[in-house]
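Here are a few notes to read alongside the model. I have kept them as numbered points so that you can check each one in your viewer.

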Amino acid sequence: MTSCFILKKTNFTYYFYKVIKIQKIKKSKIESVNFDDLVFGKTFTDHMFICHYKNNEWLTPEIRPYQPLKLDPSASVLHYGQAVFEGMKAFKDSQEKIWLFRPDQNFERINRSAHRLQIPEFPRKYFFDGIKKLVKLEQAWIKKGEGNSLYIRPFVFASQPTVQASASDEYIFMIICAPVSTYYSGGEINVLIAEEYSRAANGGVGFAKAAGNYAAQFYPTSEALKKGFQQIIWTDANNHEYLEEAGTMNIFFKINDSLITAPTNDRILDGVTRKSIIEIAKSNGIKVEERPIKVSEIIQAHENGNLQEIFGTGTAVVVLPIKSFSYRGVSYKTNGIDELAIALKKQLIGIQYNQLEDLFNWTVKVD
Ligand SMILES: Cc1ncc(COP(=O)(O)O)c(C=O)c1O
């Protein structure tokens, strides 16, 4: 298909949108995939979306067969890490209809992340047309049933061939998709509260989904894994006094029947699941407090028998009960039965899979 243009007038400029070029695979690899044995993020679908940025503009977006990229060894991202990404999901309901969950949030967040890393913002139309066309093309990869979904990974990185330590002039924006099922099969995890390493600092890039944020967590997390913890809960970089978030989750504490979570700021990712859970909880009449929360407060609540639940929220895990946490060598177990975590997860999943009425107007149909 040759590209044609769609003209759109904004307040000040005319944009010429190019129509996405689509090249389909000859034969799907889906038959070689065992959907009962998926490891998160290791199996990818047949196609990918790709759009290059050169000479100050995004060129014609394309959907192509999933394939390796050809990159110059001097590609700027390999040296200076200018890369940001997103994580979102598509769900299939019992009538085989496909739904995205709050994709506008991911669109806005990838551009906030991009802006902070001096990466040009990606046009809304390309983002939504790209995701919808790609997901439609890959619909056979989305299996029905709770826990099954298509994980969608939009990302953008600096591709200019240069080792000059400055922002790149060229970028590649891509979307790839992976069929996934439940993230932690065990269903609940044990975490370590950070006392030495930090994830983010004031004025830094903690709020962005910058690739480097994750790279910096791998070493401390692998040390924690060796000690039997699945995740680290990061604390403030100054004194390790305040609880912030985990590797890929925001964290909630239920104390005295209130739900408490750290407020988002320039160190904490503004999670889509976090804000959805807050809204669902409030709509159920649950008191939600978004405020700084000290490690000492959690320990004291535990000692007083008031720490009822801890859970993490994130696109990959949805809502994940945290069974115990460890701080300064002491392990603390929550005493609740995770009833709130389970109830909130049920409502969120109900909306995502189009089983419950979407009173919040969050879901977007792919047709
Ligand atoms: C650092 C971090 N915090 C929190 C989250 C949860 O965000 P969301 O609910 O948008 O997936 C994620 C996952 O994307 C993350 O990487």
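**Notes on helices, burial and salt bridges**

1. Helix H2 (residues 103-116) packs with helix H3 (residues 124-137) at an angle of about 135 degrees, and their axes are 11 Å apart. Helices (H or I, at least four residues) and strands (E, at least two) are DSSP runs, numbered from the N terminus. Axes are lines fitted to C-alpha atoms, for helices over the stretch in contact, with angles running from 0 to 180 degrees between N-to-C directions. H2 and H3 are therefore oblique to each other; angles under 35 degrees count as roughly parallel, over 145 as roughly antiparallel, 65 to 115 as roughly perpendicular and the rest as oblique.

2. A word on the basis: this is a predicted model, where local features need pLDDT of at least 70 and side-chain atom pairs count only at pLDDT 80 or more, while totals for chains, interfaces and linings use all residues. Residues are numbered from 1 along each chain as its sequence is written, and side-chain values use heavy atoms, leaving out hydrogens and water.

3. Is Ile-260 buried or exposed? Ile-260, in strand E16 (residues 258-261), is buried, with a relative accessible area of 2%. Buried means under 20% relative accessible area, exposed over 50%, and partly exposed in between (1.4 Å probe, protein chains only). From Ile-260 to Pro-73 the separation is 187 residues in sequence and 46 Å in space, C-alpha to C-alpha.

4. Leu-71 sits in the loop between strand E6 (62-65) and helix H1 (76-80). Its relative accessibility is 33%, so Leu-71 counts as partly exposed.

5. How many salt bridges are there? The count comes to 21, a salt bridge being a side-chain nitrogen of Lys or Arg within 4 Å of a carboxyl oxygen of Asp or Glu. One of them joins Arg-64 to Glu-62, with the closest N and O atoms 3.2 Å apart; Arg-64 and Glu-62 are both buried.

6. Another salt bridge links the side chains of Lys-92 and Glu-96 (3.9 Å, N to O). Lys-92 is buried at a relative accessible area of 8%, whereas Glu-96 has 43% relative accessibility and counts as partly exposed.

7. Please look at Asp-367 and Lys-365 too, whose side chains meet in a salt bridge (3.7 Å, N to O). Asp-367 counts as exposed at 67% relative accessibility, and Lys-365 as partly exposed at 33%.
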